[in-house]
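Please read the points below alongside the sequence and the coordinates.

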2 protein chains.
Amino acid sequence: MNELFGNVFTGCPSATQAEQFEDLLKLPNCRIERIVSAGQTTPSNQPYKQLEDEWVLILQGEAEVTLLEPKAVYRLTQGDHLFIPAGRKHLVTYTQAEPVTIWLAVFSGVSAGAR
Amino acid sequence: MNELFGNVFTGCPSATQAEQFEDLLKLPNCRIERIVSAGQTTPSNQPYKQLEDEWVLILQGEAEVTLLEPKAVYRLTQGDHLFIPAGRKHLVTYTQAEPVTIWLAVFSGVSAGAR
């Protein structure tokens with residue numbers, strides 16, 4: 001059962017040791033996640049490549065996402081959103097540590113609710 | 001084709017005359033919308049009742065959503081999010097006008113991308 005109500009800025013876990021991922025909503029074809037980052041980035045030899053479409057929004061902090069093939073660098077600050085189509089390789093190449101970076105991520109596709 | 005990049009706080013249309021709705025992303029089973037409200041509310045005899053699940057997040061301003069059957073009132077401020085399951089009757093019973101209220105709304109379900 002999904003919680004009806006919450007706040008994206010409260011109860012943020014510490015991300016000092018590792019990025020923190022938390023489902024806010026999980027439906028059959030759609031999942032909404034809060035991600036808290038504190039300086040973490042993606043290893044350049046391990047880009048993400050997902051089965052689901054992903055849409056991210058920066059709620060607090062700053063980040064940089066690098067899309068690959070072809071390469072395109074997006075510097076993101078509060079309110080900025082980026083659509084990452086399924087199958088598009090990408091790296092998180094910067095996240096602000098202090099204050100932490102809070103992302104909203106919406107995943108859509110047949111496997112989005114399966115995780 | 002969906003835009004890759006944007007910012008939810010920029011290019012907000014004036015909502016003085018009417019609430020403003022804009023698709024930020026439209027996928028087969030998922031639609032993400034920005035809503036700008038400036039004091040508008042739902043007529044109490046015309047509650048919303050939708051085929052899609054809806055999840056809303058307040059990005060700026062304040063609002064009140066009243067779920068019906070059974071009645072539950074949610075006062076929402078920045079960062080608050082509320083899940084409104086498909087078929088649940090609801091009313092927007094308050095929106096802050098100055099500064100305007102900016103909502104992110106995620107619709108999910110077979111008809112979400114059809115609008």
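The numbered points that follow concern a predicted model and treat its symmetry, interface, sheet and salt bridges in turn.

1. Relation of the two chains. Chain A is superposed on chain B by a rotation of 180 degrees, with 0.0 Å of shift along the axis and an RMSD of 0.0 Å. That is the relation of a two-fold axis. Of the interface residues of chain A, 100% are also interface residues in chain B, so the copies meet through the same surface.

2. Extent of the interface. The size of an interface is often given as the accessible area lost when the parts come together. Here chain A and chain B bury about 2,800 Å² between them, and 71% of this lies on carbon and sulfur atoms. In chain A, the residues that lose the most area to chain B are A:L4, A:H81 and A:F83, which together account for 24% of what that side buries. The contact draws 31 residues from chain A and 31 residues from chain B.

3. How many salt bridges does the rule find across the interface of chain A and chain B? The number is zero.

4. Six strands form an open sheet with antiparallel pairing, in the order β2(A)-β3(A)-β9(A)-β4(A)-β7(A)-β1(B). Its edge strands are β2 (20–27) of chain A and β1 (5–7) of chain B, each of which pairs on one side only. From one strand to the next, the twist averages 20 degrees. Strands of a sheet pair through backbone hydrogen bonds, either parallel or antiparallel.

5. The pairing of β2 and β3 in chain A. Strand β2(A) runs antiparallel to strand β3 (residues 30–37) of chain A, and seven bridges join them. One detail may be checked directly: A:Q20 has A:V36 as its bridge partner in β3(A).

6. A:Q17 is found in the loop between β1 (5–7) and β2 of chain A. Its relative accessible area is 76%, and A:Q17 is therefore exposed, the cut-off being over 50%. Although A:Q17 and A:A38 are 21 residues apart along the chain, their C-alpha atoms are separated by 8.5 Å.

7. The salt-bridge network in chain A. A:D23, A:R31 and A:E33 are linked in a network of salt bridges. Within it, A:R31 forms a salt bridge with A:E33, whose closest N and O atoms are 2.7 Å apart. Are these two residues buried or exposed? A:R31 counts as buried at 2% relative accessibility, and A:E33 counts as buried at 1%.

8. Salt bridges in chain B. B:E22 forms a salt bridge with B:R34, with the closest N and O atoms 2.7 Å apart. B:E22 lies in strand β2 (residues 20–27) of chain B and B:R34 in strand β3 (residues 30–37) of chain B, so this pair ties together parts that are 12 residues apart in sequence. B:E22 is partly exposed, at 35% relative accessible area, whereas B:R34 counts as buried at 3% relative accessibility. A further salt bridge brings together the side chains of B:D23 and B:R31, at 2.9 Å from N to O. B:D23 is partly exposed, with a relative accessible area of 35%, while B:R31 is buried, with 2%.

Methods. Residues are numbered from 1 along each chain as its sequence is written. Chains are lettered from A and ligands numbered from 1 in the order in which they are written. This is a predicted model: local features need pLDDT of at least 70, side-chain atom pairs count only at pLDDT 80 or more; totals for chains, interfaces and linings use all residues. Side-chain values use heavy atoms; hydrogens and water are left out. Copies are superposed by least squares on the C-alpha atoms of residues with pLDDT of at least 70 in both. Contact means heavy atoms within 4.5 Å. A salt bridge is a side-chain nitrogen of Lys or Arg within 4 Å of a carboxyl oxygen of Asp or Glu. Buried means under 20% relative accessible area, exposed over 50%, partly exposed in between (1.4 Å probe, protein chains only). Helices (H or I, at least four residues) and strands (E, at least two) are DSSP runs, numbered from the N terminus. Two strands pair if DSSP finds at least two bridges between them. Axes are lines fitted to C-alpha atoms, for helices over the stretch in contact, and angles run from 0 to 180 degrees between N-to-C directions. Buried area is the accessible area (1.4 Å probe) that two parts lose on being put together, summed over both.
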